[in-house]
Amino acid sequence: MSEVLSSGVALRNVSRTFGDRRVLSDIDLEIEEGEFLVIVGASGCGKSTLLKIIAGLDRGAEGEVHIEENRSIVFQDARLLPWKLVWENVVLGLRGDRRELRKRALAALDEVNLLPRADAWPLTLSGGEAQRVAIARALVRTPKLLLLDEPFAALDALTRLKMQQQVAALVEQHRLTTLFVTHDVDEAILLADRILLVEAGRIARTFDVALPRPRNRADARFIRLRRALLEGLGVSEDGDIATGEAPVPDHVSRYDRIAAPLAAE
Amino acid sequence: MSLATTSYPASGRRQVPRVVRRLFVPVLLLVVWQVLASYGVINRRFSSSPVDIVVALWRLAVNGQLFESLWISLVRALLGLVLGGSLGLLAGLAAGLSRLGEDALDSTIQAIRTLPFLGLVPLFILWFGLGETPRILLVALGTFFPIYLNVFKGIRGVEERLVELGQSYGLTRWELIRDIILPAALPNALIGLRYSLGIAWLVLVIAEQINATSGLGWLIIKASELAQTSVIMMVLAVYAIIGILADAVVRLIETRALRWQRSFQGG
């Protein structure tokens, strides 16, 4: 058993049911030390439940579950406590001398380039800043396992790109074992050592991503992998998606909204 | 391009200050009232005049009766509020933080709450005599419910995702209560306090008019026996002013304790 724990996380034949609805079945999963594992799936496929089990937030699963005790999690929403200053949020739950804690918080905030906002109230932060504080909060306790649950889903496209790079750099620098859940295929390929495709509560496929870093979206192998992943998710790769552009209908509607008042004049 | 020109309100010229605009109607009403009273259009037995009220205020302020009564009423209100408020807070915490507490307390408290507690005045006098006790207990009873209800609601309204955050970051139960549940419940608790202050004052008006020998309510009763309309109206004005001041105090507490919200509300 100690052998299993040393490699972080191991699930064997795990299932999860809510009432008579089976959300996960026959999950076998092991995370190697230092690995960046990404779980990709459409919404409702059970990937968030899987993460909750590994995060120890869902204790109702059947099967053999070994989880890492020294872990921290970044949620999709930053979940900062609005009544605590930014730096106090970073050291939430850590005990010890206040001055010492502040020093640790500032160091962690510096890593995510947010040192100047240490004494701000969380409600004054932008979405990207808040999520960086959440990352600092996860890193400050030097976890063995970092869990990220669609951490950039609520951010705008530009911020998301910057955050992906920053997380990739931090994970590399700290040599963290990371489990990252997302529905964004590009994000998965940019970051992962290994991608698990979850479909209807099962691990449908596994992809080893052997591309050199930093990864280039224009790389032919990148595009091939994206095509394979999208196919696995049941999305046709013809047309706009394969070019890496945002889907056209979205563009058009956004354009319409801007254009309409001008046309009215 | 022509759309870019924006018209700002003309500055300086003929701009009446806001304070003046807002004071205009109340002052006008007072003047009309005074004029009607002075020319005998209004019967002085039923309604006093603004000048008479000020004179009454001055008279009772000089002979000390006003401040003595005011002080006694304030002490009663405060004692009752402290007693009822702290019990309400404790009960709210107990019921909010534990299922056991909720099952033990909530239904009982909800049942008692439906009693019109001002109807208890005769019983309270029967039980606790004519001294200070029934008055203070009545205020305590009245202030208990708003505090209890709002603390309970505040605690139960804490977002599940924040509790989940606390659990996943290894907070002990006590730390979870101190760092997440209580701060999240504070805005509601302060709303309860505000209601309670209003109720404490209201209860006193009633409680002091029954068998009292001191306090603002007693001042009203005495004045009505002597048909001193101006004194009655003066005391009513004092009630109103104290109510406004009490509300301002809670607002001050709110802006201090909830300063993390302020930047969000944006003035």
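A word on the model before we go on. It is a predicted model, where local features need pLDDT of at least 70, side-chain atom pairs count only at pLDDT 80 or more, and totals for chains, interfaces and linings use all residues. Residues are numbered from 1 along each chain as its sequence is written, while chains are lettered from A and ligands numbered from 1 in the order in which they are written.

Now, chain B as a whole. How many helices and strands are there in chain B? There are 11 helices and 0 strands, where helices (H or I, at least four residues) and strands (E, at least two) are DSSP runs, numbered from the N terminus. The radius of gyration of chain B, taken over C-alpha atoms, is 25 Å, well over the 18 Å that the globule rule gives for 267 residues, so chain B is more spread out than a compact globule. That rule is 2.2 Å times the number of residues to the power 0.38. Along its principal axes, the C-alpha trace of chain B spans about 80 × 75 × 30 Å. Buried residues make up 29% of the chain's 267 residues; a residue is buried if 20 or more other C-beta atoms lie within 10 Å of its own, exposed if 12 or fewer, and partly exposed in between, with C-beta atoms placed from the backbone.

Let's pick one helix pair. Helix α3 (residues 65-97) and helix α6 (residues 132-156) of chain B have axes that come within 6 Å and cross at roughly 35 degrees. Axes here are lines fitted to C-alpha atoms, for helices over the stretch in contact, and angles run from 0 to 180 degrees between N-to-C directions. The contact of α3(B) with α6(B) has 21 nonpolar, 8 polar and 4 charged residues.

Over to chain A, which has an open sheet of 3 strands in the order β2-β1-β4, with antiparallel pairing. Two strands pair if DSSP finds at least two bridges between them. Why is one side of β2 (21-31) and of β4 (62-66) left without a neighbour in the sheet? Both stand at the edges, so each has a single partner strand. The twist averages 20 degrees from one strand to the next. Strand β1 (residues 9-18) pairs with β4(A) over 4 bridges, and A:Ala10 has A:His66 in β4(A) as its bridge partner.

Finally, some backbone details in chain A. A:Arg79 has a positive phi, near 50 degrees, and is buried, with 24 other C-beta atoms within 10 Å. A:Ala200 also has a positive phi, about 50 degrees, but counts as partly exposed, with 14 C-beta neighbours inside 10 Å. A cis peptide bond joins A:Arg213 and A:Pro214, with omega about -5 degrees.

Definitions and conventions:
Ala, Val, Leu, Ile, Met, Phe, Trp, Tyr, Cys and Pro count as nonpolar, Asp, Glu, Lys and Arg as charged, and the others, Gly among them, as polar.
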